[in-house]
Amino acid sequence: IKKIGVFTSGGDSPGMNAAIRSVVRTCAYLNVECVGIYWGYQGMIKGDFKLMNARSVHNIINKGGTILKTARCEEFRTKEGRKKAYDQLQAAGIDAFVVIGGDGSFTGAMIFNQEFGFPVIGIPGTIDNDIFGTTFTLGFDTALNTVVEAIDKIRDTASSHNRLFFVEVMGRDVGHIALNAGVGAGAEEILIPEENLGRERLLESLKRSRSSGKSSSIVIVAEGDKTGKNIFELKEYVEANFPDYEVRVSVLGHMQRGGAPSCYDRVLASRMGVRAVEALLEGKTNLMVGVQDNQLILTPINKAIKGHTKIDKELIRVSEIMST
Ligand code: ATP
């Protein structure tokens, strides 16, 4: 392998730049050429490539987002689109790639590998932490810190007004952000898609804590939680059945994806980038670099995307005890 492509795809996450930097610098260190592919699979199809060297990635380790940009690309889901991408890579002499993204991006890479025998290695970049084969995805730790900081601020206003706040955090299918940030920020209740204990139970719990002397509360609701139809309907339900409380809703939204990566994400990205390039040079393919027990491990991409990540039951128990 003489020339490795690197790109980011799907939703961005903090730490992607640190991973790009690591891939580029590892290539430079090992005397392999490295090409940045802009706009994910879209740019691959168009041949939007730029040769990178160690200096191309200075001053980015601390930046959120991705300097290579990211996109969703419908055309890559078609055989014709992937053939175009393959022809562009061939024309540019790129003989392997590192994809930094989530499960959709990995699925695309896996199909591409099967069709063309093209070597691919994945680095998990998503704030949701919904990838199997790694305890942490890039951006998850940063997102937790961002969410905790935001909830701390909401808590100030909640306690000044004796209000109940419903705070919606990202996580359409998984509650990792909600559960971890909820425990970290001392939330009263944490509602996640993996567990639906019903809205009556929520109401009882809020009433109990009110009668125990709590004057304000924070409830964290993951986007994909099904306790109510949505967070606003849940607010109406609680207000209708528990008039003592003034309820406010705060949807944190895209700010959760941005910001400077935490030190943990920067270090993890640096380690994963080195391992990804080394794995390609060792002739490995169709694998994702993950971290478990603080060791880097390689997991087949098909397992990374199909295996279900499990919510931490012990942490659920801790959160229940903390809200006594
Ligand atoms: P996020 O965590 O933000 O959802 P993701 O990598 O899962 O990130 P997706 O939008 O699901 O983001 O996928 C990114 C891109 O990967 C898609 O726009 C498409 O180009 C490609 N892709 C996804 N699924 C497939 C598939 N089944 N076949 C080919 N390409 C795919």
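Reply: Two strands pair if DSSP finds at least two bridges between them, strands (E, at least two residues) and helices (H or I, at least four) being DSSP runs numbered from the N terminus. The model is predicted, so to speak of a local feature takes pLDDT of at least 70, and side-chain atom pairs count only at 80 or more, while totals for chains, interfaces and linings use all residues. Numbering starts from 1 along each chain as its sequence is written.

Let's start with the four-stranded sheet. This open sheet runs S7-S8-S6-S9, and its pairing is parallel. At the edges stand strand S7 (189-191) and strand S9 (246-251); each has a single partner strand, so one side of each has no neighbour in the sheet. From one strand to the next, the twist averages 20° (axes are lines fitted to C-alpha atoms, for helices over the stretch in contact, with angles from 0 to 180 degrees between N-to-C directions). Inside that sheet, strand S6 (residues 163-169) pairs with S9 in the parallel sense, over six bridges. Arginine 163 faces glutamate 246 of S9 there, the two standing opposite each other. Helix H5 (residues 140-161) packs on this sheet, where it touches S6, strand S8 (217-222) and S9, and its direction makes about 165° with that of S6. Contact here is C-beta atoms, placed from the backbone, within 7 Å.

Now the seven-stranded sheet. It is open too, in the order S3-S2-S1-S4-S5-S10-S11, but its pairing is mixed. Strand S3 (49-52) and S11 are the edge strands, each pairing on one side only. The twist in this sheet averages 30° from one strand to the next. Helix H1 (residues 16-29) packs on it and touches strand S1 (3-8), strand S2 (33-37), S3, strand S4 (96-101) and strand S5 (120-124), with a direction about 175° from that of S1.

At the S11 end there's an antiparallel pair: strand S10 (residues 287-292) and strand S11 (residues 295-300) are joined by six bridges. Methionine 288 is set opposite threonine 299 in S11. Together S10 and S11 make a hairpin with two residues between them, and aspartate 293 in the turn has a positive phi of about 50°.

Leaving out residues up to four places away in sequence, phenylalanine 97 touches Ile4, Gly5, Val6, Phe7 and Val120. Glycine 47 is 50 residues away along the chain, and its C-alpha atom is separated by 14 Å from that of phenylalanine 97.

Phenylalanine 97 also turns up in the largest nonpolar core, which has 54 residues: Ile4, Val6, Ala19, Val23, Phe97, Val98 and Ala276 touch the most other members. (Such a core is a set of buried Ala, Val, Leu, Ile, Met, Phe, Trp, Tyr and Cys residues joined through C-beta atoms within 7 Å.) Another core, of 34 residues, lies apart from it, with Ile151, Phe165, Val183 and Ile220 among its members.

How values were computed. Buried ≥ 20, exposed ≤ 12 C-beta atoms within 10 Å, placed from the backbone. Contact = placed C-beta atoms within 7 Å.
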